[in-house]
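Here are some notes for your reading of this entry.

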Amino acid sequence: MSIPIGFGPPLARERLVSALAADPPRLDLAALAIATLDRSDLDAPACLHTLDALACRVQIEAERLMERGEAIAPLRALRHVLADIEGFRGNSQDYHSPENSFLDRVLERKVGLPITLSVLYLEVARRAGISLYGVPFPGHFLVACDAGDHKLVMDPFHEGDILTEHGCEELLKRVAPQLKFDRAMLSPAPVELIAYRMLSNLRRVYLGREDCERSLAVVDLLLLLAPDHPGELRTRAALLASLGAYRAALKDVERCLELSPDAPDRERLELTARELRERAALLN
């Protein structure tokens, strides 16, 4: 089986690099870059137009609510349009479907993961002039805005529910009961972190399905964001070896040994490196 240079689809790599190099980085374009892993012919302008149209409707609804004196009118407008009218919600029925991680599919199907729905909320809010930021909450991505001396947190997966701090504590007990709630968990997430977390979800899905080629494409993008991540390097080496790309796998194993000379699994890494050299030699 032939493995392309760079491993991952070049279009996804190019678009992700471009999105993150923008000033400020573009979350919508980064999410659509990831979506090209599923659809190389993805119509990005059409997706951006859909986000624009949703934002216009949110602005109109926010103005109507403000005229009525509604508290937190912008957030209520955002939730009303996206959840109540459009019906965007979490996909509890088929949570581990890869489609939940692709923004274009979420726009079509109106279901997704917490993080993909959060990207939707963030990008519609940005276009509507609403100050919202992503929250990398353990096990369940959220969005929030600052309201004076406190935060207003929204859960796009659960139809935009607005959570108090106590509500966030209760959510943590459900999604990560081993952790203790800390307000730092509600800190803003940069675009790079959101993209990394989206890709991590995809990697987990594809590895679970033993889909080596798609897993490799995703891990390659993860290493684009974190080039020396020891876990991702080990994962990519294993995937490359399983696909017969022994020299490329050896390069990743040698990089792991270079980065972590005292790694607990050093003996295993050295053994793997020897095996890969032997296999590569047989290809000559």
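In which loop does Pro24 lie? The model is predicted, and the points below should be read with that in mind.

1. Pro24 is in the loop that runs between α1 (10–21) and α2 (27–35).

2. Lys110 is not a glycine, yet its phi is positive, near 65 degrees. The residue sits in the loop between α5 (103–109) and β2 (111–112).

3. Glu210 is another non-glycine residue with a positive phi, here about 55 degrees. The loop in question is the one between α8 (191–208) and α9 (212–225). Glu210 is exposed because its relative accessibility is 70%, and the cut-off for that class is over 50%.

4. Leu224 belongs to helix α9. Which residues does Leu224 touch, leaving aside those up to four places away in sequence? They are Arg13, Leu16 and Val17. For Leu224 and Arg13, the separation is 211 residues in sequence, while the C-alpha to C-alpha distance is 8.0 Å.

5. Is Leu224 buried, partly exposed or exposed? Its relative accessibility is 27%, so Leu224 is partly exposed; buried would require a value under 20%.

Notes:
Residues are numbered from 1 along each chain as its sequence is written. This is a predicted model: local features need pLDDT of at least 70, side-chain atom pairs count only at pLDDT 80 or more; totals for chains, interfaces and linings use all residues. Side-chain values use heavy atoms; hydrogens and water are left out. Helices (H or I, at least four residues) and strands (E, at least two) are DSSP runs, numbered from the N terminus. Buried means under 20% relative accessible area, exposed over 50%, partly exposed in between (1.4 Å probe, protein chains only). Contact means heavy atoms within 4.5 Å.
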